[in-house]
Amino acid sequence: QGKVVESGGGLVQPGGSLRLSCLASGLTFGNYALAWYRQAPGKERELVASIRDTVGSTKYRDSVKGRFTISRDDSKNTAYLQMNSLKPEDTAAYYCNAEHYSQSARYNYWGQGTQVTVSS
């Protein structure tokens with residue numbers, strides 16, 4: 001059974017940086033597309049950034065372009081979200097998602113989330 005676990009969240013001042021990690025186990029990591037979502041209190045979960053499997057192409061929501069970078073290290077079964085120039089509106093629980101489609105099934109895994117708080 002696949003599993004993903006996030007880490008790296010915390011409290012940071014506006015303008016600061018954090019790097020989130022997503023460690024996967026029990027799945028063939030290189031076959032999965034990875035994504036980071038976030039959810040602030042009272043708001044819906046939103047897609048922050050995604051990275052494809054072997055192609056490695058990336059996408060970002062407009063509000064984080066130029067500040068956040070998603071990457072993956074398949075040798076370590078880990079995905080990352082480097083977050084720079086953080087703003088108070090980036091405050092949310094951040095979730096890692098791993099997804100893979102085979103000919104017959106969809107495999108989708110969520111982590112438990114890691115809290116990011118941007119405040120002075």
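Mentor: Before we start, strands here are DSSP runs of E with at least two residues, and they are numbered from the N terminus. Please also keep in mind that this is a predicted model.

Trainee: How much of the chain is made up of buried residues?

Mentor: Buried residues account for 40% of the 120 residues. The accessible surface comes to about 6,600 Å², and carbon and sulfur atoms hold 46% of that surface.

Trainee: What about charges, how far apart are the mean positions of the positive and negative ones?

Mentor: The chain has 14 positive and 10 negative charges, and their mean positions are 1 Å apart.

Trainee: Switching to the inside, which residues have the most contacts in the largest nonpolar core?

Mentor: That core has 29 residues, and those with the most contacts inside it are Leu34, Trp36, Val48, Phe68, Leu81, Met83 and Tyr94. At least two core residues come from each of β3 (18-25), β4 (33-39), β5 (46-51), β7 (68-73), β8 (78-83), β9 (92-101) and β11 (114-118). As a general background, nonpolar side chains tend to be buried together in soluble globular proteins.

Trainee: How many of the contacts join residues at least 24 apart?

Mentor: If you take the contacts between residues at least 6 apart in sequence, 55% of them join residues at least 24 apart.

Trainee: Can we look at single residues? Where is alanine 35, and is alanine 35 buried or exposed?

Mentor: Alanine 35 is in strand β4, and it counts as buried because its relative accessible area is 8%, where the cut-off for buried is under 20%. Leaving aside neighbours within four places in sequence, alanine 35 is in contact with Leu47, Ala49, Ser50, Ile70, Tyr95, Cys96 and Asn97.

Trainee: And serine 21, what is in contact with that one?

Mentor: Serine 21 belongs to strand β3 and is buried, with a relative accessible area of 17%. Apart from neighbours within four places in sequence, its contacts are Val5, Glu6, Ser7, Trp36, Thr78, Ala79 and Tyr80.

Trainee: Then lysine 59, buried or exposed?

Mentor: Lysine 59, in strand β6 (residues 58-60), counts as exposed because its relative accessibility is 63%, and the cut-off for exposed is over 50%. Setting aside neighbours within four places in sequence, lysine 59 is in contact with Val48, Ala49 and Ser50.

Trainee: How far apart in space are tyrosine 109 and lysine 3?

Mentor: From C-alpha to C-alpha they are 6.4 Å apart, although 106 residues apart in sequence. Tyrosine 109 sits in strand β10 (residues 106-110) and counts as buried at 14% relative accessibility. Not counting residues up to four places away in sequence, tyrosine 109 touches Gln1, Gly2, Lys3, Val4, Leu27, Tyr32, Cys96, Asn97 and Ala98.

Trainee: Which residues are in contact with histidine 100?

Mentor: Histidine 100 is in strand β9, and, leaving aside neighbours within four places in sequence, it is in contact with Asn31, Tyr32, Ala105, Arg106 and Tyr107. The C-alpha atoms of histidine 100 and tyrosine 60 are separated by 19 Å, and these residues are 40 apart along the chain.

Trainee: Last topic, backbone angles: what is phi of asparagine 77?

Mentor: Phi of asparagine 77 is near 55°, which is a positive value in a residue other than glycine. Most residues other than glycine have a negative phi. Asparagine 77 is in the loop between β7 and β8 and is partly exposed, with a relative accessible area of 26%.

Trainee: And what about the phi of serine 85?

Mentor: Serine 85 is not a glycine, yet has a positive phi of about 50°. Serine 85 lies in the loop between β8 and β9 and is partly exposed, with a relative accessible area of 40%.

Notes. Residues numbered from 1 in each chain as written. Predicted model: local features only at pLDDT ≥ 70, side-chain atom pairs only at ≥ 80, totals over all residues. Heavy atoms only, no water. Buried < 20%, exposed > 50% of the residue type's maximum accessible area, 1.4 Å probe, protein only. Contact = heavy atoms within 4.5 Å. Areas by Shrake-Rupley, 256 points an atom, 1.4 Å probe, with all protein chains shown as cover. Lys, Arg positive; Asp, Glu negative; His and termini not counted. Charge placed at Lys NZ, Arg CZ, Asp CG, Glu CD. Core = buried A, V, L, I, M, F, W, Y, C linked by side-chain atoms within 4.5 Å. Helix = DSSP H or I, 4+ residues; strand = E, 2+ residues; numbered from the N terminus.
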